[in-house]
Amino acid sequence: MISTSSRTSEGILYERHTVRETANPVVLFTGVGVEPGEYTNTAPEELAEATGESFVVYQPGVSLLRNKGLYTTGTERKQLNAALEVVEGRQFTPVTHSYSAMLGARLLDPSFREETSATNAMPGVITALMTTVNDGLHHKDGKVRTILGVPGYYVFLFGQYVPLLSPLYPLGKNTDHEHFDQRDSLTPKQIASPWIDSRSGYACFRAPYEHVQPDQKGLGLVTLGDNIFSADLQREKLEVMGCDIEEIDTGHRWMSGRDKQKAIDAIVAKHFANLQ
């Protein structure tokens with residue numbers, strides 16, 4: 001296998017893992033605050049071994065080393081443009097995770113693919129689906145999460161007028177990214193940055209799922225041990241999008257959870273189904 005990292009013409013960081021060049025590579029879109037390193041574990045390489053070729057495309061906020069974690073429709077578009085550039089006109093199977101799942105949802109819609117010149121995007125796999133930031137700002141018992149004692153919603157609302165670097169919960173509690181059997185063995189590169197531009201959070205308060213009109217049958221992987229986005233809410237939104245649904249017994253970051261292989265098998269199955 002040949003593994004390389006580079007930047008696109010817009011400066012977006014990406015990795016390429018190649019066993020052999022294929023007509024339909026897998027492209028993994030990372031979520032907010034994820035830096036190159038160990039966060040994705042060995043999943044990209046394993047996907048390349050199984051399918052021939054995989055790419056990892058990082059968020060612009062990480063790639064450009066400013067506005068850390070900023071996620072808006074503009075940065076989302078840059079991440080998509082980076083993927084379109086690296087696949088060089090080939091079809092590709094998108095695999096989205098956490099915040100990038102908004103892009104995964106939109107790519108199921110033919111109008112969006114046409115508008116963004118992404119007609120080569122095949123039916124994708126949406127993992128650890130982000131519902132909305134508002135869902136993430138509530139505990140499972142319904143209590144509101146606070147940031148420095150202030151309800152999270154108001155921090156991000158205020159941040160529209162006075163941009164702040166805020167510890168977006170639950171990114172502020174890094175152990176919540178892991179399954180219960182992974183929490184004691186984190187290294188710095190396995191941790192997503194908790195500090196993001198407050199505008200990032202507010203931009204995600206209204207996820208677009210109800211407005212997606214899919215013509216593709218996506219696959220949704222519900223992370224049952226997710227302490228960031230509720231498994232029940234993930235399932236509810238995936239059903240709205242008409243996705244097939246599989247469940248994996250892991251936390252938000254399935255790439256290092258104990259059901260990682262089941263997740264990879266599901267992605268590979270979808271990838272090869274796209275080739276039929």
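Start by selecting Asp 226, which is buried, with a relative accessible area of 1%. Here buried means under 20% relative accessible area, exposed over 50% and partly exposed in between, using a 1.4 Å probe and protein chains only. A quick word before moving on: this is a predicted model, where local features need pLDDT of at least 70, side-chain atom pairs count only at pLDDT 80 or more, and totals for chains, interfaces and linings use all residues. Residues are numbered from 1 along each chain as its sequence is written, and side-chain values use heavy atoms, with hydrogens and water left out.

Asp 226 sits in the loop between strand 11 (219-223) and helix 9 (231-240). Helices (H or I, at least four residues) and strands (E, at least two) are DSSP runs, numbered from the N terminus. Now pick Gly 251, which is 25 residues from Asp 226 in sequence but 4.2 Å away in space, C-alpha to C-alpha.

Next stop: Asp 109, in the loop between helix 4 (101-106) and helix 5 (110-115). What is the nearest side chain of opposite charge to Asp 109? Arg 113, 6.3 Å away; Asp 109 is buried yet has no salt bridge (a side-chain nitrogen of Lys or Arg within 4 Å of a carboxyl oxygen of Asp or Glu). For charge, Lys and Arg count as positive and Asp and Glu as negative, while His and the chain ends are not counted. Show Gln 213 too: its backbone nitrogen lies 2.9 Å from a polar atom of the Asp 109 side chain. Leaving aside neighbours within four places in sequence, Asp 109 is in contact (heavy atoms within 4.5 Å) with His 211, Val 212, Gln 213 and Pro 214.

Now for two serines. Ser 98 is in the loop between strand 5 (93-97) and helix 4, and its phi is near 60°, a positive value in a residue other than glycine. Ser 117, in the loop between helix 5 and strand 6 (125-127), also has phi near 60°. Buried or exposed? Ser 98 counts as buried at 6% relative accessibility, whereas Ser 117 is exposed at 55%.

How values were computed. Polar contact = N/O pair within 3.5 Å; in protein donor to acceptor, adjacent residues only side chain to side chain.
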